[in-house]
Amino acid sequence: MSEENVNSVENKKIDKKSRRRLIIESRIAVLNILLVSVIIVGGFGYLLFFKRDTISKEENRKLATFPKFTLESYFNGEYTEAVANFYDDTVPNRSFFKNKVAFLRSLKGKSYGDGDDNIVFYGPGVVIEDEPVVTTITTTSTTADTNITQTTVSENTTTVATTTTTTVPDNFNPPVDNGMISNNIVVVNNRGLMLYGGGKKNGQEYANSLNEYKKALGEGVNVYSMVCPTSVSYYMPENYAHLTASEEDNINNINSFLSDVKPVDVFTALLYHKKENIYARTDHHWLPLGAYYAAEEFAKVAGVDFAELNEQNYDILTLNGYVGTLYGYTQSADLLNNPEDFIYYSPKAECKTTRYNTSFTNGASGSLLYDGSKMKKSNYYMVFGGDEQITHIETSTKNGRNLVIFKDSYGNALAPVLTYSFENIYVCDIRYFNLNAISFIQSVNATDVLFAMNTYSATGQNHDYIEYNRTK
């Protein structure tokens, strides 16, 4: 075969290969276009038509709702902003996708600190410098028959006034070599700690709102402020303490603005018990034992009896394997692989419990506590009930004292251990309350009103609900 013929055959082979390659490439391109189109259309349909979540169990909050249209909100931009927030906050199967995103985020991060004090920083953390606070308690007591200086009152009676100064327990926590921050939560020593940002201006507004409640209710009703610290106040290692604002300073700031409202010093009460299991390691709530000590301090301020925590007064129940909301936020393996016991207390004294909707209608009888053995392990704190309801507890204590608790989720654990202290207890979440709060308090003949909210609520956005429900 001539060289010319050989070249012709080779060129034909090349042309066939080229055409074949072009056909394959064009088919691949078409498939890519079809695949991308299916993903886009399918994703659009999924987001548009699938059922959207309304509650985030990991974050223990109600998700955004679709806004009501008004001309005013449309033209000032609030309506469109709220619509965008609704679609962003209520993605179908939100928890599944949130967990996957959290996992991907865990694969990257930036360092914070030097040497052995290095931690990996995930999320938009803030660094806040606070001066250390040294606290002392001064108490005055009156005793009889003592060898200290005596003042004679009568022939047979002596009364002695003594002043003692007690320093609160040391709240120092040793430095640790390493840790992790994810979604503004520090994970150290197999414990999650939420970073607190502070908010003294909001705290002053919170105090002013409580003062207005007291003015409206008059002398016949006692009003109390229980601002509950979170675990970051007691367990943050020294070398990371500057990452969080001082909850103690913010609580003291609130108390300085209270007028005729009685503060309940939960911060100090819990400090005496910090070595006990008063806060969950894997969840942002305190444990029922922490709520017990807080309720005990409240009972002292309110001047009511308080039942000792023993088997005579309570059934002590334990749920194993608790891994709560802080794992949901961080997806930390340290939290997942170190579950904890959830121990709670069911009063043995007879109680009648009625749960209403947030407008105090459609009441239904039920048990004081839910059966935790039937719950997911991450939901054990829900043994105390949900937030979107008003719960009335009629106890066997007959002292004429009726208590209304306005609270966030921290307050749920208080009610069971106050059943020996008040005749009637009404538990209302201030975030979901649909009535005028003053009218409600008066309608149930309350003698005592307790505002029990953690620092994030009292000095954050949730404090607005207190004033809103007073004036609505």
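User: What should I know about the model and the numbering?
Analyst: The model is predicted, so local features need pLDDT of at least 70 and side-chain atom pairs count only at pLDDT 80 or more, while totals for chains, interfaces and linings use all residues. Residues are numbered from 1 along each chain as its sequence is written, and side-chain values use heavy atoms, with hydrogens and water left out.

User: At what angle do H5 and H7 pack?
Analyst: Helix H5 (residues 200–217) packs against helix H7 (residues 247–256) at about 35 degrees, and their axes are 8 Å apart. Helices (H or I, at least four residues) and strands (E, at least two) are DSSP runs, numbered from the N terminus. Axes are lines fitted to C-alpha atoms, for helices over the stretch in contact, and angles run from 0 to 180 degrees between N-to-C directions.

User: Which residues in H5 and H7 meet?
Analyst: From H5, Lys-200, Gly-203, Gln-204, Tyr-206 and Ala-207 meet Asp-249, Asn-250, Asn-253 and Ile-254 of H7; contact means heavy atoms within 4.5 Å. By class, this contact has 3 nonpolar, 4 polar and 2 charged residues. Ala, Val, Leu, Ile, Met, Phe, Trp, Tyr, Cys and Pro count as nonpolar, Asp, Glu, Lys and Arg as charged, and the others, Gly among them, as polar.

User: Is Asn-211 buried or exposed?
Analyst: Asn-211, in helix H5, counts as buried because its relative accessibility is 8%. Buried means under 20% relative accessible area, exposed over 50%, and partly exposed in between (1.4 Å probe, protein chains only). Leaving aside residues up to four places away in sequence, Asn-211 touches Phe-257, Leu-258, Ser-259 and Val-261.

User: Switching topic, how many residues has the largest nonpolar core?
Analyst: That core has 97 residues, and Met-226, Trp-286, Phe-298, Phe-342, Phe-406 and Leu-414 have the most contacts inside it. Helix H9 (residues 288–302) gives the largest share, 9 residues. A nonpolar core is a set of buried Ala, Val, Leu, Ile, Met, Phe, Trp, Tyr and Cys residues joined through side-chain atoms within 4.5 Å.

User: Last one: which strands pair with E19?
Analyst: Strand E17 (residues 390–395) runs antiparallel to E19, joined by 5 bridges, with Ile-393 opposite Ile-425. Strand E18 (residues 402–407) pairs with E19 in the parallel sense over 6 bridges. Two strands pair if DSSP finds at least two bridges between them.

User: How many residues of E19 are buried?
Analyst: In E19 (residues 424–429), 6 of its 6 residues are buried.
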